Amino acid sequence: MTTLTLSSADLAGLATDALVVATAPAGGRKKGAVLVGPAERLKAAPKRKLEEALAALGATGKAGDIVRVPGAGIAAAPVVVAVGLGAGPYTDEALRRAVGGAVRALAGTRRAVLALPFDTASQLDAIAQGALLGAYSFDAFRSDSKAASKSPVDRLVVHVSDAKDAGLVAAVNRAKAIAGAVNYARDLVNTPSGDLPPAALAQAAADAVADLPVEVEILDEAALEAGGFGGILGVGKGSANPPRLARLAYRPEGATAHLALVGKGITFDTGGISIKPSLNMHEMKGDMGGAAAVAGAVVAIARLGLPVNVTGYLCVAENMPSGKAQRPGDVIRAYGGKTVEVMDTDAEGRLVLMDGLVRAQEDKPDVIVDIATLTGAALVALGSRTFGIMANDDDLREAVHDASKRAGEAAWPMPFPEELRPNLDSSVADLMNIPMVGRPHGGMMTAGIFLQEFIKDGQRWAHLDIAGPSFNSGAPYAYTPKGGTGASIRTLVQLAEDLADGAV
Ligand code: BES
Ligand code: MN
Ligand code: ZN
């Protein structure tokens with residue numbers, strides 16, 4: 001486990017294996033990079049030597065620029081890593097990315113000191129988050145983790161002017177709670193489905209809140225049957241590993257606002273009888289990214305002790321084809337009674353979520369947010385790094401979008417075009433789970449419109465389709481690793497803080 005501490009000791013005197021400093025483009029007619037932040041105040045001689053080395057190595061100071069300078073003779077550090085921040089002002093996200101990239105590049109190093117510019121507690125929070133998110137690796141399934149990949153930096157020390165400052169300490173504690181939750185969700189997503197069937201995922205969420213004031217209830221297949229959760233049961237029917245509905249309730253004293261988080265937890269999505277092509281099917285181990293985000297958000301919110309009631313619901317099932325699986329054309333009954341004609345068993349996320357959304361409304365939350373790797377159409381519309389935000393309330397959609405911006409997560413509002421709704425009319429049930437006309441146009445919104453059918457009038461509700469950003473199929477970048485990313489947790493924690501402030 002990577003540790004992160006603050007130090008206000010003189011940079012030049014710190015014993016460390018690596019020193020991370022920041023650069024920015026020189027600007028004007030000058031080419032190259034200039035040092036910014038604490039490194040600006042180094043003594044003239046070592047500073048000039050470092051700047052000469054940076055010039056010789058072609059440092060640009062642009063965002064994403066990472067230059068290693070060996071033996072710069074500063075801080076007894078055998079290597080100085082200079083990260084570009086781009087031209088100021090340095091946004092939280094620019095700092096988070098730069099530090100994340102530097103720490104990732106330092107994998108294999110034991111101890112690193114981070115000396116970056118910041119004026120606000122929020123910027124320090126971002127620096128600490130970037131460091132801890134960049135120090136992630138997933139080696140649980142390697143027989144020799146050292147041989148296969150370099151371990152992340154073990155000890156991170158952030159250089160600050162006053163390590164005892166209460167505001168700075170609070171900012172770092174927030175960063176630790178959030179990064180810890182994001183890395184936890186990444187682990188859940190990266191764990192192979194064979195090692196994380198529904199019962200294990202529900203239990204993993206319960207274990208994660210064991211030392212927190214969070215009450216846990218897990219419904220097993222018998223309880224789901226008795227309660228009439230036909231969506232979760234229908235999707236889970238084909239699998240030898242029975243489904244679960246986990247409920248995590250955080251009720252701090254004095255809190256008034258209540259946020260419900262409902263997550264799609266498909267531990268593996270084969271598509272069911274409407275089976276998927278095998279190309280990239282392995283990535284469907286990540287189809288529980290929404291449930292992982294819900295568990296992670298509850299952990300972070302409870303660890304921070306935010307004064308807001310939060311209830312998380314993890315709708316967990318494995319979508320498998322078998323002689324017991326639900327068939328296209330079957331009619332299932334959602335929790336609460338609505339019937340759905342299952343036209344495509346691969347549109348399973350909305351079927352488990354409908355049960356979770358109806359259940360969540362029984363707890364009378366002020367706001368419900370569901371989080372799901374719901375549609376490939378979300379990737380078509382927004383690419384792989386931006387999640388879609390839909391809502392039945394314009395202010396809530398704006399509030400979620402605003403929270404995502406402050407959290408440094410890319411998201412974009414999407415509409416509910418009214419003409420898509422009649423396409424879901426069924427000739428035998430209340431609703432079909434996919435349209436038979438107009439496919440595949442507007443698939444992300446159609447899924448949202450389906451879910452909206454399970455929301456009562458007056459209930460504020462937002463839907464996040466995280467199918468793109470939840471899983472990084474490409475190369476790592478900045479603080480984002482390959483595989484599970486923990487997307488949306490930072491936004492959800494920010495939203496919970498805003499609710500606690502009465503701002504939503
Ligand atoms: N889990 C998938 C969506 C998905 C696709 C997530 C790619 C991440 C990456 C979902 O269950 C699904 O299969 N959706 C179908 C819906 C269709 C049948 C209407 C899809 O997107 O093709
Ligand atoms: Mn599917
Ligand atoms: Zn799915």
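Me: What should I keep in mind about the numbering and the model?
Reply: Residues are numbered from 1 along each chain as its sequence is written, and chains are lettered from A and ligands numbered from 1 in the order in which they are written. The model is predicted, so to speak with its cut-offs: local features need pLDDT of at least 70, side-chain atom pairs count only at pLDDT 80 or more, totals for chains, interfaces and linings use all residues, and side-chain values use heavy atoms, with hydrogens and water left out.

Me: Why are α5 and α9 called roughly antiparallel?
Reply: The axes of α5 (residues 166-190) and α9 (residues 289-304) cross at roughly 155 degrees and come within 8 Å. Angles over 145 degrees count as roughly antiparallel (under 35 roughly parallel, 65 to 115 roughly perpendicular, the rest oblique), so α5 and α9 get that label.

Me: Why is Phe-268 called buried?
Reply: Its relative accessible area is 13%, and buried means under 20% (exposed is over 50%, partly exposed in between, with a 1.4 Å probe and protein chains only). So Phe-268 passes as buried. Phe-268 sits in strand β10 (residues 258-269), and among the residues it touches are Ser-193, Met-281 and Asn-319.

Me: What makes the Asp-363 and Arg-359 pair a polar contact?
Reply: Their side chains come to 3.3 Å, and the cut-off is a pair of N or O atoms within 3.5 Å; within protein, one must be able to donate a hydrogen and the other to accept it, and residues adjacent in sequence count only if both atoms are side-chain atoms. Asp-363 lies in the loop between α10 (349-362) and β14 (367-372).

Me: Lys-364 and Ser-488: buried or exposed?
Reply: Lys-364 is at 65% relative accessibility, so it counts as exposed. Ser-488 is at 0%, so it counts as buried.

Terms used. Axes are lines fitted to C-alpha atoms, for helices over the stretch in contact, and angles run from 0 to 180 degrees between N-to-C directions. Helices (H or I, at least four residues) and strands (E, at least two) are DSSP runs, numbered from the N terminus. Contact means heavy atoms within 4.5 Å. Lists of a residue's contacts leave out its neighbours within four places in sequence.
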